[in-house]
Amino acid sequence: MTKRLTCDVVVVGAGMVGAASALYAARAGLDVVLVDRGPVAGGTTGSGEGNLLVSDKEPGPELELALLSGRLWTDLAQEVGEAIEYEAKGGLVVAATPEGLAALETFAVGQRAAGVEAATVAAGQLHELEPHLAPGLAGAVHYPQDAQVMPTLAAAHLVRASGARLLTGRTVTEVLHTADGAVRGVRTDKGEIHAPVVVNAAGTWGGELAALAGVSLPVLPRRGFVLVTEPLPRMIRHKVYAADYVADVASDSAALQTSPVVEGTAAGPVLIGASRERVGFDRTFSLPVARALAGGATRLFPFLEKVKAMRGYLGFRPYMPDHLPAIGPDARVPGLFHACGHEGAGIGLATGTGYLIAQVLSGKSPDLDLGPFRPDRFPSPAPEEAQ
């Protein structure tokens with residue numbers, strides 16, 4: 001066993017949300033230890049596309065968090081933008097029919113009122129933005145605030161910038177409590193870390209960590225696949241996706257859903273998504289899903305029919321029943337904070353999440369109302385459900 005460590009805050013989970021939580025807590029003057037059973041970005045973060053999106057969010061708390069996070073990502077990009085492959089590429093949401101375009105425009109009206117930049121693109125203007133798009137589309141809405149980073153690089157750079165003590169390869173086995181029930185740190189398989197604050201940034205495993213602290217948090221895995229093509233010249237300029245992607249993101253269905261999402265990367269390969277299904281932690285590769293993704297992508301960009309897919313990978317989004325993450329202090333256990341359950345938006349929402357938690361830890365009023373993100377907003381499961 002290693003010697004016992006002490007700090008002000010222990011963050012559990014070295015994905016993007018944990019990295020951002022460590023960064024802003026450290027910048028608030030706190031001594032931070034970041035612990036993970038695997039490497040940095042070894043979970044959902046390393047399986048993501050690196051999207052920083054406002055385009056897929058309806059007006060409400062998540063959009064407010066996305067706008068705050070976008071401003072913070074812009075600030076970070078000035079520090080380390082090239083190193084993390086930050087691209088302010090913008091998003092393009094396309095509609096196949098006039099009815100679909102009308103629905104997109106209605107959706108955008110509410111977003112604009114909330115501070116989102118959204119411009120309707122007529123059918124005749126589409127190829128000025130994306131020359132290789134399929135013909136015959138009805139139009140689109142362009143979102144210049146959408147951006148992208150390379151997620152594993154970004155998480156690593158945020159950890160480095162934080163100056164936090166990073167402990168990888170350490171599994172948290174217990175959340176320690178004081179006699180009056182407050183947290184006093186965690187026990188790992190390699191020793192104890194004592195702190196008056198524990199931040200649960202364990203992503204898809206956030207429910208398990210919450211249980212170690214004695215509370216329930218209904219985080220479930222929602223599986224998704226991504227196809228990666230051979231490196232190409234930059235032929236796709238924006239994040240381009242079909243209008244039904246927004247409905248899939250908001251859906252409560254456990255069944256398989258696929259909607260085409262296509263974007264280029266600074267390194268050359270094109271990333272193709274998106275699928276969603278709740279199948280637990282099943283890591284079985286699904287050829288039908290891969291075919292559905294490829295089919296959707298080629299309908300948007302016909303040139304992809306002749307492009308080779310180098311590989312496919314899958315990951316698990318941390319899904320919450322109401323599609324909002326748990327952010328902030330847990331009223332049930334003093335000193336326990338949550339920063340998890342962001343589903344597929346964790347890369348984009350990480351900065352705002354970490355920033356808001358650091359504000360609370362510093363005794364400041366957070367820039368956003370954390371009420372909608374309260375970790376204890378869900379009813380406790382019945383005893384037979386908890387077993």
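Mentor: The questions below concern a helix, some backbone angles and the cysteines of this predicted model.

Trainee: How far apart are the end C-alpha atoms of helix 5 (residues 151–162)?

Mentor: Helix 5 has 12 residues, and at 1.5 Å a residue these should span 16 Å. The distance in the model agrees with that expectation. The end C-alpha atoms are therefore apart by 16 Å.

Trainee: Which elements do the buried residues of helix 5 pack against?

Mentor: The buried residues of helix 5 are Pro-151, Ala-154, Ala-155, His-157, Leu-158, Val-159 and Ser-162. They pack against helix 1 (16–27), strand 3 (32–36), helix 2 (61–80), strand 9 (165–168) and helix 9 (346–361).

Trainee: Which residue follows helix 5, and is its phi positive or negative?

Mentor: The residue that follows helix 5 has a phi near 75°. That value is positive, and the residue is Gly-163.

Trainee: Is Ala-41, with its phi near 60°, buried or exposed?

Mentor: Most residues other than glycine have a negative phi. Ala-41 is a residue other than glycine, yet its phi is positive. Ala-41 is found in the loop between strand 3 and strand 4 (51–52). Because its relative accessibility is 7%, Ala-41 counts as buried.

Trainee: What is the relative accessible area of Glu-85?

Mentor: Glu-85 also has a positive phi, near 55°, and its place is in the loop between helix 2 and strand 5 (91–95). Buried means under 20% and exposed means over 50%. Glu-85 lies in between and is therefore partly exposed, with a relative accessible area of 27%.

Trainee: Which residue does a cis peptide bond join to Gly-273?

Mentor: Most peptide bonds are trans. Here omega is about 0°, and the bond is cis.

Trainee: How many disulfides does the structure hold?

Mentor: A disulfide is a covalent bond between the sulfur atoms of two cysteines. The number of disulfides in the structure is 0. Cys-7 is in no disulfide, and the nearest cysteine sulfur to its own is that of Cys-340.

Trainee: Why is the sulfur of Cys-340 too far from that of Cys-7 for a bond?

Mentor: Cys-7 counts as buried at 9% relative accessibility, and Cys-340 counts as buried at 1%. A disulfide requires sulfur atoms within 2.5 Å. The sulfur of Cys-340 is too far for a bond because its distance from the closest cysteine sulfur, in Cys-7, is 19 Å.

Conventions
Residues numbered from 1 in each chain as written. Predicted model: local features only at pLDDT ≥ 70, side-chain atom pairs only at ≥ 80, totals over all residues. Heavy atoms only, no water. Helix = DSSP H or I, 4+ residues; strand = E, 2+ residues; numbered from the N terminus. Expected span 1.5 Å × (residues − 1). Buried < 20%, exposed > 50% of the residue type's maximum accessible area, 1.4 Å probe, protein only. Contact = heavy atoms within 4.5 Å.
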